[in-house]
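I opened the model to look up a few helices, a sheet and some aromatic rings. My entries follow.

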Amino acid sequence: VGAAAAAGAGAGEGEGEASAHGDAEADEFGELQAILAGIPQHAVPPRGSIRAEAAANRCVERVTAALARASLDYPRHASTIRGLKVVHASLDLVCLADHDGRRMFTTARGTDNNLRHTTLPRDLGNDTLIALGFGPVRVRQVAAAYQSMCDALPEYSSFGTGHSLGATVIEFLAMWAESGPERRKFQRIDLFNPGSSPLRRLLPGRRRPVPLTSTKVCAYCVSGDFISRFHLSSGTKNVLQPRKSLSRHALGHFLPEGDEVAARAREVVGAAVARAIAAVCVAQFAVQACSFRAGSAVSRALENVAFAEMAAQADAEGRKVGLRRHSLRPGRPSLVGRPSLWRPRELPVLPQVEAGDAAEDASPASSAPSLAAGPGLLAARAGPSGSSLGEAARGVAGQQAADADELPVSAACAAGPAELRVSGRPSKPFWRPRATACAQQGEAAEAEESAGSAACT
């Protein structure tokens, strides 16, 4: 935008007139005005910020920070800059008050070269008007703020400054102040590379400079700058030789030389602060990592203690519990161990019944199912080898019943959970039924056995 707006903004007077004034150096007050001319650029919020950043209070904060930095960059004017207070700050105008000297400095912002969305559309519109030879429309907006500051600070002498578009705004604002007797006039305005247009000569009544009778005008231009080439000043016009490594339209041509020692000291302090911040960040990260590792170690230790207590309890009860122990070394991953599930005690497998024994014991009475139970075990006999299988089951049950037929079935059903083993292979476990169901099943089994015995007889 700097180049585009510069081309559109137009600029000063011809080279012949600039040479007639000769080269001149800015005075001390002009250097102060040049420093203040760049302050409004800092009131604009950075690119990508939200709309709330353009609020007046946020602009005041940014301008205050810019003044503090300027007092460090230019030690010769540090005392004057530190005495300035921000009384008004917006995107287009900044007003500073020197209460000790009873002075008010008004500085307008030039074209924003950073292409920020909060300023770009309005800057291009005002630059286009200047390029066509007209005055910027922004004067109507800043005039109201200027008048309010004049009412708030009565009997203060007024000074104005600006660069590029801001210089043109200040020039037309001074003309507006002189147009009314109740308005406060500027004592002096400093214009740095003010924008102008070659088309101004073609408009009737615009060939002369902006009429300023009671305001001292000091215009500063850089030799070879096209933007300020066609500017007609109603006061003095100083043409400076350009500095190296700077564009012809830059404000840096009018700024005083900075203190090299102070700049170097700020660089060293900034580097030290950056290293300190980095060290603090690393320390915080290390503390967090150590805390995490300590917490993991404590968690693993608590788990090992819990598993040890569980193993001790299992050993006391005669059970076997498989635990996976953990190492407390920090390099080991924090695996969470789990105890292995234990099964009930293995019961002895019932012996296989031979075919001959099954044939000898085969009888209608023995073909009926018979139940025998012991503590924690429910055995069943079925088929032609019921008597031999039932005898083996009773032996395994602890010889609690001499004859399976004499043991009530209800007592067998009430024995509790067990594994049903038939022909040496365990079947699915079943749980204790209700007492009534057990009684019904026992009565049905006794009835069937009686009926079979009668039939055989």
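**Helix H6**

I looked up which residues of H6 are buried: Asp-123, Asn-126, Asp-127, Ile-130 and Ala-131. They cover an arc of only 140° around the axis, so they sit on the same side of H6. The arc is taken from the directions from the helix axis to the C-beta atoms. An α-helix has 3.6 residues a turn, so residues three or four places apart point the same way. Buried here means under 20% relative accessible area; exposed means over 50%, and partly exposed lies in between (1.4 Å probe, protein chains only). Helices (H or I, at least four residues) and strands (E, at least two) are DSSP runs, numbered from the N terminus.

This is a predicted model, in which local features need pLDDT of at least 70 and side-chain atom pairs count only at pLDDT 80 or more, while totals for chains, interfaces and linings use all residues. Residues are numbered from 1 along each chain as its sequence is written, and side-chain values use heavy atoms, with hydrogens and water left out.

I then checked the length of H6. The helix has 12 residues, 120–131, and at 1.5 Å a residue it should span 16 Å. The expected span is 1.5 Å times one less than the number of residues. The end C-alpha atoms of H6 are 16 Å apart, which agrees.

**Gly-133**

Just after H6, Gly-133 takes a positive phi of about 95°. I place Gly-133 in the loop between H6 and helix H7 (138–152). Is Gly-133 buried or exposed? Gly-133 is buried, with a relative accessible area of 3%. I also looked across to Pro-198. Gly-133 and Pro-198 are 65 residues apart in sequence, yet 7.5 Å apart in space, C-alpha to C-alpha.

**The sheet**

I traced an open sheet of 7 strands in the order S1-S2-S3-S4-S5-S6-S7, with mixed pairing. Strands S1 (84–89) and S7 (236–240) stand at the edges, each with a single partner strand, so one side of each is left without a neighbour in the sheet. Neighbouring strands are turned by 20° against each other on average, direction ignored. Axes are lines fitted to C-alpha atoms, for helices over the stretch in contact, and angles run from 0 to 180 degrees between N-to-C directions.

Next I took the pairings one by one. Two strands pair if DSSP finds at least two bridges between them.

- Strand S2 (residues 93–98) and S3 pair in the antiparallel sense over 6 bridges. Leu-96 has Phe-105 in S3 as its bridge partner.
- The hairpin of S2 and S3 has 4 residues between the strands, and Arg-102 in this hairpin takes a positive phi near 55°.
- S3 and S4 pair in the parallel sense over 6 bridges. Thr-107 has Thr-161 in S4 as its bridge partner.
- Strand S6 (residues 216–222) and S7 pair in the parallel sense over 5 bridges. Ala-219 stands opposite Lys-237 in S7.

S3 is mostly covered, with 5 of its 6 residues buried. Helix H8 (residues 165–178) lies across S3, S4 and strand S5 (188–192), running at about 145° to S4. Contact means heavy atoms within 4.5 Å.

**Phe-226**

I found Phe-226 in the loop between S6 and S7. Phe-226 is partly exposed, with a relative accessible area of 43%. Ser-196 is 30 residues away from Phe-226 in sequence and 9.3 Å away in space, C-alpha to C-alpha.

**Aromatic rings**

How many aromatic pairs does the structure hold? I find 8 aromatic pairs. Rings of Phe, Tyr and Trp (its six-membered ring) pair if their centres lie within 6.5 Å; planes under 30 degrees apart count as stacked, over 60 as edge-to-face and the rest as tilted. Phe-105 and Phe-159 form a stacked pair, 5.6 Å centre to centre with 25° between the planes. Phe-105 lies in strand S3 (residues 103–108) and Phe-159 in strand S4 (residues 157–163), so the pair ties together parts that are 54 residues apart in sequence. Phe-105 is buried, with a relative accessible area of 2%. Phe-159 is buried too, at 10%.

Phe-29, Phe-105 and Phe-159 form one aromatic cluster. Phe-29 is among the buried residues of H3. Helix H3 (residues 28–37) is mostly covered, with 9 of its 10 residues buried.
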